[in-house]
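Biologist: I would like to learn how to read a few features of a structure. Please give the general idea, then the case here.

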Amino acid sequence: MLSKSPEETQKYGKAIGSVLKDKDIVLFYGELGSGKTQLIKGICSALGVKQVVNSPTFIIVNEYVSGDNKNIYHFDLYRLKSAEEVIDIGLDDYLKDRGIILIEWPELIEDILPAGSKKVFISHVNGNENSRYIKFYPVEE
Amino acid sequence: MSITIFSIETSCDETSAAILRDNQIMSNIISSQQFHTEYGGIVPELASRAHISVIDKIADAAISGSGINKNNIDIVAATIGPGLIGSLLVGLNYAKSFSIAAGIKFIGINHIESHLYSCYIGQEIIEFPFIALIVSGGHTILFLVNDYFSYKILGQTQDDAAGEAFDKVAKMLGLGYPGGPLIDQLAKDGNENFHVFPKSYLKENIYDFSFSGIKTSVLYYLKKNFISNSAGPAAISLNDISASFQKAVVTALTEKTMLAAKNFNVKNIAVSGGVSANSRLREEFNKYKTEGYKISFPKPVYSTDNAAMIGYTAYLYSKYSRNRNFEKNIYKPAFARFDYNKF
């Protein structure tokens with residue numbers, strides 16, 4: 001998919017959000033400023049989240065509640081340096097929950113996540129500051 | 001009769017303890033966890049481990065440095081959120097255990113709310129109503145404060161916090177952590193009109209903030225002019241980039257705050273949180289003094305996370321809140337999900 005604006009990125013997020021189920025884990029790959037948080041805003045809006053969805057870089061994980069009262073955990077591992085640190089903040093406890101888990105900067109913990117995580121890749125488009133390629137893999141390949 | 005408060009703050013990377021006698025700070029010990037610097041950010045696991053290893057020493061230092069006998073403490077206060085769960089738990093459980101052992105009251109304090117009152121400490125009280133801007137690495141929120149414990153949230157960041165934008169841009173520029181003071185310093189010798197980084201205007205709520213667009217435009221500027229430039233690193237002045245980026249952030253923060261002040265016809269402004277130490281931000285806000293606005297900033301030591309502001313907020317609650325039943329607070333969950341709209 002090609003998004004031409006942050007608004008359009010949110011729209012693609014809504015489409016992704018509408019197919020997510022309990023216990024889904026979605027990994028978001030893309031460099032700084034590629035629009036990972038924008039996409040997650042769209043996903044959360046499709047899930048009926050009323051709270052403000054913003055960047056959890058500083059506090060590592062934001063928690064939201066979906067329209068049908070399930071927890072959504074929005075992780076940002078940008079500042080972390082090892083999988084151990086993610087485990088120590090209680091990753092297992094979050095995984096046990098019935099809710100949906102969205103993870104920005106997931107590279108550190110790819111190996112320790114349960115199989116079947118969905119993946120989203122966002123990349124900048126050469127020569128156009130507002131456009132982004134968005135690829136969604138609903139099943140791990 | 002005066003009351004003595006023992007307060008603890010461990011919501012992020014600082015372990016801090018303080019003793020207050022009423023509104024007077026008798027001691028305020030802050031251990032900045034220096035080793036975070038080498039990781040280019042806050043590391044939660046290390047952070048909570050570090051809190052555990054130093055909290056006893058910090059608490060003892062605060063008590064002994066205050067000249068107050070431990071047995072004369074009336075209230076224990078600790079940050080209840082928002083923050084890193086693991087870090088919060090260390091301070092919270094320490095404070096609760098202390099209160100149970102000593103048989104005294106415990107009160108959980110909201111970290112954001114305490115930033116709001118940090119401008120009061122050791123300075124003139126700000127008259128209600130006032131507009132409060134809280135701006136740090138984790139938060140960018142604009143409040144209308146009508147009275148003690150009576151707030152209306154006007155706007156907040158829809159993506160990155162202002163301090164986070166400083167940190168991320170500093171990282172792009174190859175600077176260290178935290179990015180704010182480094183960019184502030186570099187910007188002093190830079191031309192802030194070197195390049196115009198576009199500010200974001202949000203349609204839905206004029207008081208909301210957005211900083212990810214500024215961050216991304218810096219990234220694109222660097223990609224275009226720095227990374228792909230064969231002339232190499234010397235081709236761009238870090239001073240000019242820092243100054244131009246800082247101007248974009250500072251303008252967004254001041255414009256929205258002053259717009260709220262005008263629209264709500266409020267003359268008093270309080271700016272707090274770590275980014276309130278930024279010299280360019282202070283300069284920009286202080287310009288409005290000539291228009292009859294009163295601008296307050298916390299003393300530098302109270303702008304970043306500290307236990308004195310937690311104790312101060314506990315003091316205000318003990319003095320002005322009708323809900324004085326602190327004993328019940330101890331049974332609250334250790335970590336409260338923070339909802340800005342349920343202040």
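Biologist: Is Asn265(B) buried or exposed?

Modeller: Buried means under 20% relative accessible area, exposed over 50%, and partly exposed in between (1.4 Å probe, protein chains only). Asn265(B) has 65% relative accessibility, so it counts as exposed. This is a predicted model, in which local features need pLDDT of at least 70 and side-chain atom pairs count only at pLDDT 80 or more, while totals for chains, interfaces and linings use all residues. Residues are numbered from 1 along each chain as its sequence is written, chains are lettered from A and ligands numbered from 1 in the order in which they are written, and side-chain values use heavy atoms, with hydrogens and water left out.

Biologist: Where does Asn265(B) lie?

Modeller: Helices (H or I, at least four residues) and strands (E, at least two) are DSSP runs, numbered from the N terminus. Asn265(B) sits in the loop between helix 7 (238–263) and strand 9 (268–272) of chain B. Its phi is near 55 degrees, a positive value in a residue other than glycine.

Biologist: What is phi of Asn69(A)?

Modeller: Phi of Asn69(A) is near 65 degrees, again positive in a residue other than glycine. Asn69(A) belongs to the loop between strand 3 (61–65) and strand 4 (71–76) of chain A, and it is exposed, with a relative accessible area of 65%.

Biologist: Which residues does Ser217(B) contact, beyond its neighbours within four places in sequence?

Modeller: Contact means heavy atoms within 4.5 Å. With those neighbours left aside, Ser217(B) is in contact with Phe197(B) and Pro198(B). Ser217(B) is found in helix 6 (residues 212–227) of chain B and is buried, at a relative accessible area of 11%.

Biologist: At what angle do helix 4 and helix 5 of chain B pack?

Modeller: Axes are lines fitted to C-alpha atoms, for helices over the stretch in contact, and angles run from 0 to 180 degrees between N-to-C directions. Helix 4 (residues 162–172) and helix 5 (residues 179–187) of chain B pack at about 70 degrees, with their axes 8 Å apart. Angles under 35 degrees count as roughly parallel, over 145 as roughly antiparallel, 65 to 115 as roughly perpendicular and the rest as oblique. Helix 4 and helix 5 of chain B are therefore roughly perpendicular to each other.

Biologist: Which peptide bond in chain B has omega near -5 degrees and ends at Pro82(B)?

Modeller: The bond from Gly81(B) to Pro82(B), which is cis. Pro82(B) is in the loop between strand 4 (75–81) and helix 2 (85–102) of chain B.
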